[in-house]
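Thanks for coming. I have one structure to go through today, so let me put it on the screen.

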Amino acid sequence: MTHTQAPWDIVFIHADIATMARGRYNIIKDGAIGVAQKKIQWIGTSDKLQASPGPIADEIIDCTGKWILPGFVDCHTHLIWAGSRSNEFEMRLSGASYEDIAKQGGGIAATVAAVREASEDRLFNIASRRINHFISRGTTCVEIKSGYGLDLENELKMLAVADRLAQRFPLHVSPTFLGAHALPPEYKGRADDYVDLIINTMLPGIKNQGIACAVDVFCESIAFSIEQTKRLFTAATDLGLPVKLHAEQLSDSGSAALAAQFNALSCDHLEYLSLDGAKAMAHAGVTAVLLPGAYYMLKETQKPPVEDLIRLRVPMALATDLNPGTSPVHDMATVMNMGCVLFGLTCEQALAGATINGAKALGLDKQKGSLETGKDADFVLWDIDAPADLSYQMGICCVNKVVIAGKITYNSHGLT
Ligand code: NIG
Ligand code: FE
């Protein structure tokens with residue numbers, strides 16, 4: 001081995017490591033990771049490291065008995081919101097559907113009212129608690145969508161909160177503009193006018209401020225049509241903003257194939273994805289983001305076509321979809337368990353979905369999602385016996401330390 005740049009800032013030694021490079025465990029028994037300048041400078045077996053002469057780092061962390069895995073990349077969340085929708089959960093338990101509740105003015109519209117009412121500071125404080133929790137559960141990179149403001153002022157307010165979270169917390173935040181999440185009440189019956197507002201006013205404003213990395217749309221009968229989605233994607237693409245889509249969640253509308261035409265980063269949900277849609281995604285290299293929390297909470301019975309996606313080699317990511325309506329799920333390990341039990345993923349596929357494929361869905365797979373030389377030093381030390389324990393166990397958190405950009409930012413005693 002060569003490490004002419006030594007001493008490194010910090011070395012983690014005597015850990016079992018699953019690198020997740022190319023989506024596989026790639027296990028290194030008794031491994032070590034050398035970190036400097038926020039990046040992984042070296043990864044290999046501890047014996048090679050010990051053979052080297054002279055000091056190797058300012059700080060050496062003995063990880064005997066622990067596993068090191070890439071930090072979770074949660075590539076689909078709506079984690080900024082105010083208010084609760086547990087009343088809707090109770091309504092659904094009594095037989096109402098998600099669509100029924102949305103048509104009666106509840107659902108997303110209920111959260112829009114609460115978010116418009118809330119100050120930026122209040123939203124920031126509520127979301128901060130969620131981010132702290134995410135880090136304590138091993139998430140080192142998170143996507144955050146707007147979409148509960150639905151006018152320029154309130155969408156910008158949500159994205160400003162996402163920006164403040166990015167400044168305040170060590171984890172990486174990838175903000176997404178989701179102005180086309182639902183029709184705001186003041187545009188009832190005038191969906192095309194609202195799409196015009198997004199295209200002519202909101203998108204240019206968001207682009208100018210540089211506060212969103214991508215544009216998302218909810219394409220569904222209770223949200224926006226294929227035609228409207230196409231107009232929105234055309235406008236976003238013209239501004240140089242990548243697109244992604246809430247696609248085929250409640251019905252098959254052909255929206256995944258449309259997203260593929262625009263080289264979308266990802267299509268998300270996909271319970272009703274057709275074979276043609278899956279082929280279009282494969283052809284265009286679109287990542288499938290599976291959201292088993294929403295599937296579970298809505299008691300959906302139609303599963304995404306996981307076998308087709310695997311056969312067609314479409315990368316599959318898993319995410320919390322954290323939101324107050326369909327997925328109040330705050331933990332990636334729980335999502336991995338659901339991915340295995342409900343969708344039939346292997347534990348290795350679930351971990352790849354929560355790490356490298358999540359990074360792919362955000363266009364960040366060159367920097368994040370696996371443990372390889374030159375990548376960001378974002379990883380988690382776990383008190384587990386095997387990587388599969390994360391998918392297998394429920395309700396326990398085995399995080400020992402969370403390392404983000406080479407710094408220990410959390411240990412099992414709390415934030416450092
Ligand atoms: O991903 N499908 C649309 N959006 C969210 C739900 C948002 C809400 O109900 O507040 C989702 O499931
Ligand atoms: Fe969502």
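**The iron site and ligand 1**

Along the chain, the donors of the iron ion, ligand 2, are spaced as H-x1-H-x167-H-x74-D. Keep in mind that this is a predicted model.

Which atoms are the protein donors? They are NE2 of His76, NE2 of His78, NE2 of His246 and OD of Asp321, and they lie 2.1 to 2.5 Å from the iron ion. Take His78 and Asp321 as a pair: 243 residues separate them, and they link distant parts of the chain. Histidine 78 sits in the loop between β6 (72-74) and α2 (86-93), while aspartate 321 sits in the loop between β13 (316-318) and α13 (332-343).

Are these two buried or exposed? The cut-off for buried is under 20% relative accessible area. Histidine 78 has 2% relative accessibility, so it counts as buried. Aspartate 321 has a relative accessible area of 1%, so it is buried as well.

Now ligand 1. It is surrounded by 15 residues, and the closest are Arg85, Tyr98, Tyr148, Gln249 and Thr326. By class, the shell divides into four nonpolar, nine polar and two charged residues.

On to individual contacts. Glutamine 249 places a polar side-chain atom 2.8 Å from a nitrogen atom of ligand 1. For histidine 269, a polar side-chain atom lies 2.9 Å from an oxygen atom of the ligand. Threonine 326 has a side-chain N or O atom 2.6 Å from an oxygen atom of ligand 1. How much of the accessible area of ligand 1 does the protein cover? On its own the ligand has 340 Å², and the protein covers 100% of that.

Notes. Residues are numbered from 1 along each chain as its sequence is written. Chains are lettered from A and ligands numbered from 1 in the order in which they are written. This is a predicted model: local features need pLDDT of at least 70, side-chain atom pairs count only at pLDDT 80 or more; totals for chains, interfaces and linings use all residues. Side-chain values use heavy atoms; hydrogens and water are left out. Donors are N, O and S atoms within 2.8 Å of the metal (3.2 Å for Na, K and Ca); water is not among the atoms, so sites may look incomplete. Helices (H or I, at least four residues) and strands (E, at least two) are DSSP runs, numbered from the N terminus. Buried means under 20% relative accessible area, exposed over 50%, partly exposed in between (1.4 Å probe, protein chains only). A residue is near a molecule or strand if one of its heavy atoms lies within 4 Å of it. A polar contact is a pair of N or O atoms within 3.5 Å; within protein, one must be able to donate a hydrogen and the other to accept it, and residues adjacent in sequence count only if both atoms are side-chain atoms. Accessible areas come from the Shrake-Rupley method with a 1.4 Å probe; for residues, only the protein chains shown count as cover. Ala, Val, Leu, Ile, Met, Phe, Trp, Tyr, Cys and Pro count as nonpolar, Asp, Glu, Lys and Arg as charged, and the others, Gly among them, as polar.
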